[in-house]
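Here are my notes on this model, in the order I would go through them with you on screen. Have the viewer open and follow along.

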Amino acid sequence: MSSPTSLKVGVLLCSTTQLMDVAPLDMLGMIDKFYAQSYPEHIAANALDIEYYFVNETGESPHSMTGGFKLAVTHSISTCPPLDILLIGGPAPTYRPSEAVQHFIQTQYQNVRHLLTICTGYIPALYSGVLDGKTATAPRGLLPMLKEEKPDVKWVEKRWVRDGKVWSSGAVANGMDMMACFMKEEFKEQGALTEMAMGMADFARRGEAY
């Protein structure tokens, strides 16, 4: 699959979402056309045209995040267009998605190039059935319970793991680890651009294994 030049990237916000679970999106933002204006011309030429969608169930804005932050919502699950990438940040561990949210994930999953879950972002994906038969990870402390109660998924103890178009990460900080690998794999044709972005951010690259 060749690297895309334009993308529709959506973030699904469920319950009070962990702010750091959404933060990896900013790494992706460092290779879009707006940010790349500050790069040398020959590198900026490969920047991506990215549209961002911040989605919750009702479209009510702003959406409450941890740390007292508020995030502007652009779409509800009923108005969000088909996406290329869907990122699901972590809600409260007790969160269970409504049937409408499950349907949204199932429908988007048919079209996306990639589905990314970060920390407890696995919960909406799990209850939507899109992790069935897949290898996935989640916060380490929850893995024993998940292996026992949700055996349809092959749970592994890693910082992140990829199975086809599904990427999942463990704890909050592992979302950044996963995004670094994701960008390297997905945007090979933007290699110099991606390397510059990660270098400017002094981004630490940790492997899958803890």
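**Notes on the model**

1. Let me start with Met 200, which counts as partly exposed because its relative accessibility is 47%. This residue lies in helix α8. Together with Phe 34 and Tyr 35, Met 200 forms a nonpolar patch on the surface, and the accessible area of the three comes to about 350 Å². Please keep in mind throughout that this is a predicted model.

2. Staying with α8, which of its residues are buried? They are Leu 193, Thr 194, Ala 197 and Met 198. These residues cover an arc of only 125° around the axis, so they sit on the same side of α8. The face turned away from that buried side carries Ala 192 and Gly 199, both exposed. Cover for the buried residues of α8 comes from elements including α2 (25-29), α3 (41-44) and α7.

3. Leaving aside residues up to four places away in sequence, Thr 194 touches Ile 31, Met 183 and Phe 187. One backbone detail to look at here: just after α8, Asp 202 takes a positive phi of about 50°.

4. Now for helix α4, with a quick check of its geometry.

5. Which residues of α4 are buried? Val 101, Gln 102, Phe 104, Ile 105, Gln 108 and Tyr 109 are. Viewed down the axis of α4, the buried residues fall within an arc of 155°, so they line one face of the helix. Glu 99, His 103 and Gln 110 are exposed on the other side of α4. The elements that cover the buried residues of α4 include the strands β1 (6-12), β2 (49-56), β6 (85-88), β7 (114-117) and β11 (166-169), along with helix α5 (122-128).

6. Val 166 gives a view of this region from strand β11, where it is placed. Is Val 166 buried or exposed? Its relative accessibility is 0%, so Val 166 counts as buried. Val 166 touches Tyr 109, Leu 115, Val 130, Leu 131, Lys 134 and Val 161, not counting residues up to four places away in sequence. For Val 166 and Tyr 109, the C-alpha atoms are separated by 9.3 Å, while the two residues are 57 residues apart along the chain.

7. On to the charged pairs: the count comes to 5 salt bridges. One of them joins Glu 51 and Lys 8, whose closest N and O atoms are 3.8 Å apart. This pair links distant parts of the chain, with Glu 51 in strand β2 and Lys 8 in strand β1, 43 residues apart. Glu 51 has a relative accessible area of 39% and is therefore partly exposed. Lys 8, at 28%, is partly exposed too. If you use a cut-off of your own, note that 3.8 Å falls within the 4 Å applied here.

8. A second salt bridge is formed by the side chains of Glu 186 and Arg 113, at 2.9 Å from N to O. Here Glu 186 belongs to helix α7 (residues 174-186) and Arg 113 to the loop between α4 and β7, so the pair links parts of the chain 73 residues apart. Glu 186 is buried, with a relative accessible area of 8%.

9. The last pair is a salt bridge between Glu 157 and Arg 140, with the closest N and O atoms 2.9 Å apart. Glu 157 is in the loop between β9 (154-155) and β10 (160-163), and Arg 140 is in the loop between β8 (135-136) and α6 (143-149), 17 residues apart. Glu 157 counts as partly exposed at 44% relative accessibility, and Arg 140 is partly exposed with a relative accessible area of 44%.

Technical notes
Residues numbered from 1 in each chain as written. Predicted model: local features only at pLDDT ≥ 70, side-chain atom pairs only at ≥ 80, totals over all residues. Heavy atoms only, no water. Buried < 20%, exposed > 50% of the residue type's maximum accessible area, 1.4 Å probe, protein only. Helix = DSSP H or I, 4+ residues; strand = E, 2+ residues; numbered from the N terminus. Arc of directions from axis to C-beta. Contact = heavy atoms within 4.5 Å. Patch = residues over 30% accessible without salt bridge, like charges linked within 9 Å, V, L, I, M, F, W, Y side chains within 5 Å. Areas by Shrake-Rupley, 256 points an atom, 1.4 Å probe, with all protein chains shown as cover.
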